[in-house]
Amino acid sequence: MPPVFVNFGTPRESSFAQPLGLLSDCHRRIESFLTDMRCVATELGGGILAKADRERLSRAVRYFTVAAPRHTADEEESLFPRLRVATDPQARQAIDALSRLEADHDRADDCHAEANALADRWLAEGTLDGSDAERLVELLETLAAIYAAHIAVEDSTVFPAAGEALDSSQIEAIGREMAARRGVNFDHVVGLR
């Protein structure tokens, strides 16, 4: 059975053949879905969800539950290990940032676990009490701060350094691994065979 694609926001601008661009595209989706969650949580304060707000919140939680962990794996299992062994001297600054970026992933995962659980309860029960609503907003603000700094480093330093330091076969291998994580045939999608 072919993989089922779920459109999480705006269409991809890049493809698995350009995995560094695809990682950056994913950052735009992270920002968009986090904004949706923050808006719903801040505007409604745990109150009754209108249909549109319920859909926005549900889509964002689904994104952060399904797609975001794949993005983290793309970086930590495919990109970062290859970058760590790169010999290009221009990659040094990016390599130095990798441990901090991995720590950011851990902090974001912890915040998402709690925020998603609160949002799921809100979706299931229809409302959140005041303290839970406040905690959800607090977690989402923390996530916004983590992602703002994290994405800035990756988009401005890590991804450009990887583009310079890694050769085309390494870039292709990253794209293949990213496709495999999603159950996608790389060759079919990029039209190689």
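Where pLDDT is low, the predicted coordinates should not be read in detail.

**Ground rules**
- Residues are numbered from 1 along each chain as its sequence is written, and side-chain values use heavy atoms, leaving out hydrogens and water.
- Local features need pLDDT of at least 70 and side-chain atom pairs 80 or more, while totals for chains, interfaces and linings use all residues.

**Terms for helix packing**
- Helices are DSSP runs (H or I, at least four residues), numbered from the N terminus.
- Axes are lines fitted to C-alpha atoms over the stretch in contact, with angles from 0 to 180 degrees between N-to-C directions.

**H1 with H4**
- Helix H1 spans residues 19-44 and helix H4 residues 130-165.
- Their axes come within 10 Å and cross at roughly 165°.
- H1 and H4 are therefore roughly antiparallel (over 145 degrees).
- The contact of H1 with H4 has 15 nonpolar residues (Ala, Val, Leu, Ile, Met, Phe, Trp, Tyr, Cys and Pro), 6 charged (Asp, Glu, Lys and Arg) and 4 polar (the others, Gly among them).

**H3 with H4**
- Helix H3 covers residues 92-125.
- H3 packs on H4 at about 155°, with the axes 9 Å apart.
- This pair is therefore also roughly antiparallel.
- The contact of H3 with H4 divides into 19 nonpolar, 6 polar and 8 charged residues.

How values were computed:
Helices (H or I, at least four residues) and strands (E, at least two) are DSSP runs, numbered from the N terminus. Angles under 35 degrees count as roughly parallel, over 145 as roughly antiparallel, 65 to 115 as roughly perpendicular and the rest as oblique.
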